[in-house]
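My notes follow in the order in which I took them.

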Amino acid sequence: MRIFVVDNGGQWTHREWRVLKYLDVDTEIIPNTTPLEELDVDGLILSGGAPRIGEEALMLGNSGDYLDKADFPIMGICVGAQFMALHFGGEAGPAEIPEFGKTTVTIEEENELFKGVTSPFQVWESHNDEVKVLPDSFKNFARSDNCAHQAFAHKEKPFYGVQFHPEVEHTEFGEDIFKNFLDICASWKK
Amino acid sequence: MFDPEKFVNKAIEDLKEAISGTAVIACSGGVDSTVAAVLVARAIGDRLYGVHVDTGYMRKNESEDVAELLRDMGVNLQVAIAGEEFSEALKGAVEPEAKRKAIGHTFIRIFERYAKEIDAKYLVQGTIAPDWIESGGDLRDVIKSHHNVGALPEDMDMSLVEPLRDLYKDEVRKVGRYLGISIAEKQPFPGPGLAIRIIGEATLEKAEIVREACFIVEDELEKAAEAGKMEIPWQYFAVLTSAKTVGVQGDVRAYGHTVAVRAVQSIDGMTAAYSKVPHEVLEKISIRITNTMPGKINRVVYDITNKPPGTIEWE
């Protein structure tokens, strides 16, 4: 299984790489300017990062191209998830109440990405922006007190977005969420 | 999972290839640089020369203990006493990034002088992942310039060798245990040392105060953990804040500094939760600090911030 991490300048981008490596995935951190044609992968992670989704979405490089043309699953994390929603016609911008550190997430609807995760669960966050309006092509399946869109998925394509950070040690079920994403990539490959 | 044996074998192979001639290693005596020293020594043997810098901002007895430990492990070690040089570089520096850069530059100048003496072209550092991640670059924001990455002078003329660059502290400890290093469990202590545990200008007088406060925090928490009252935190120390407050000591007015106690639970330093230290232990720390440091400290507070939003150290 080969899954690359697209670096959007996150503090925890390298943690995503570490979690994948621990799960025996063939993984690399790549710049977000890498052309899609150079990627021979079974899945992609769009990392979080410092760019603000409102003014600096262009700093996310070729992420739009990956979402338009990928024939493999993609999981966006934090700004990666916000970008995904924005790209498919949703809205994202400054959160009324940003979340930093420990937060409780409630699952609203079952989803293959959260298989085995019990609700509510504790996650670690670090975001100033959030998804305001989800595109029609997506469904939301988790929330927190201050952020309605903590996890969402495309209704037809294997694209997933999470606002919190499953890659850090303090997030409960973080590794399970990555394992579920690997399962999604494996079944897509078939 | 992480396999220390595989890592060590590969690292030694890479190091043999990367280093020709002699190399200097910057040994703070912490887990990272000690593990790096042993690893590089396995690769290039006595072509490796260690330098430990006593910056004047080290913890109680630290430099003496470190020198003894490293020499016991067979590291060819030189100790540079540089308190004056560092305090001079820090004079007037108040902003945390300015302090970190002053410290980083001073370290490198000392290493360069030493490297010149032995004609070494390489500087080995125990840099780990959080150091370069937090130091920023390109898209990544600068959280803090680590002395060994973001605070390096632009004109340094040695090649860097950093065998632990992709590891986090928990993985470095695994490598340390595999290599039989006794201090593999030691708590992290940042390179800039006590200078970044003093908010504002880090004078040597203030370093003296925070050194004693750090010693008390370490001593009390270690005793409490040994007595089974709590788990030993991942990192624990005191910060000398810039707040001065009013107190009453011996029926007279006191006006002294505030010390903040910090203790966190973490695995890799990239996220952290504040430690739930029992109140009786915190109280003991508070009483011991204020009673043994009268005229200096008359207030003690406990930091209940996680990372994020805070960082572990205050600067």
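What is the strand order of the open sheet of nine strands in chain A? I read it as 2-1-3-4-9-8-7-5-6, and the pairing is mixed. I note here that this is a predicted model.

**Chain A sheet**

I looked up the edges next. Strand 2 (29-31) and strand 6 (121-133) of chain A each pair on one side only, which puts them at the edges.

Strand 5 (residues 91-107) and strand 7 (residues 138-143) of chain A pair in the antiparallel sense, over two bridges. I107(A) has A142(A) in strand 7 of chain A as its bridge partner. For the packing on this sheet I noted helix 1 (residues 13-22) of chain A, which touches strand 1 (3-7), strand 2 and strand 3 (43-46) of chain A. The direction of helix 1 of chain A makes about 175° with that of strand 1 of chain A.

**Chain B sheet**

I moved to chain B and found an open sheet of five strands, in the order 3-2-1-4-5, with parallel pairing. Its edge strands are strand 3 (77-81) and strand 5 (159-161) of chain B. Neighbouring strands here are turned by 30° against each other on average, again with direction ignored.

Strand 4 (residues 122-124) of chain B pairs with strand 5 of chain B over three bridges, in the parallel sense. In that pairing V124(B) stands opposite V161(B).

Helix 2 of chain B lies across strand 1 (23-26), strand 2 (48-54) and strand 4 of chain B, and runs at about 160° to strand 1 of chain B. Helix 3 (residues 62-72) of chain B touches strand 2 and strand 3 of chain B, and its direction makes about 170° with that of strand 2 of chain B.

**Helix 7 of chain B and its partners**

At what angle do helix 2 and helix 7 of chain B pack? I get about 45° for helix 2 (residues 31-44) and helix 7 (residues 169-178) of chain B, with the axes 10 Å apart. Helix 2 of chain B is therefore oblique to helix 7 of chain B. Their crossing is left-handed. On the helix 2 side I noted V31(B), D32(B) and V35(B), which meet V172(B), R173(B), V175(B) and G176(B) of helix 7. By class, this contact has four nonpolar, one polar and two charged residues.

Helix 1 (residues 4-18) of chain B packs on helix 7 of chain B at about 80°, with axes 9 Å apart. That angle makes helix 1 of chain B roughly perpendicular to helix 7 of chain B. P4(B), E5(B), F7(B) and V8(B) of helix 1 contact K174(B), V175(B) and Y178(B) of helix 7. I count five nonpolar, no polar and two charged residues in this contact.

Last, I looked at the contact between the chains: 17 residues come from chain B and 20 residues from chain A. The chain B side divides into 11 nonpolar, two polar and four charged residues.

How values were computed:
Residues are numbered from 1 along each chain as its sequence is written. Chains are lettered from A and ligands numbered from 1 in the order in which they are written. This is a predicted model: local features need pLDDT of at least 70, side-chain atom pairs count only at pLDDT 80 or more; totals for chains, interfaces and linings use all residues. Axes are lines fitted to C-alpha atoms, for helices over the stretch in contact, and angles run from 0 to 180 degrees between N-to-C directions. Helices (H or I, at least four residues) and strands (E, at least two) are DSSP runs, numbered from the N terminus. Angles under 35 degrees count as roughly parallel, over 145 as roughly antiparallel, 65 to 115 as roughly perpendicular and the rest as oblique. A crossing is left-handed if the near helix is turned anticlockwise from the far one by less than a right angle, and right-handed if clockwise. Two residues are in contact if their C-beta atoms, placed from the backbone, lie within 7 Å. Ala, Val, Leu, Ile, Met, Phe, Trp, Tyr, Cys and Pro count as nonpolar, Asp, Glu, Lys and Arg as charged, and the others, Gly among them, as polar. Two strands pair if DSSP finds at least two bridges between them.
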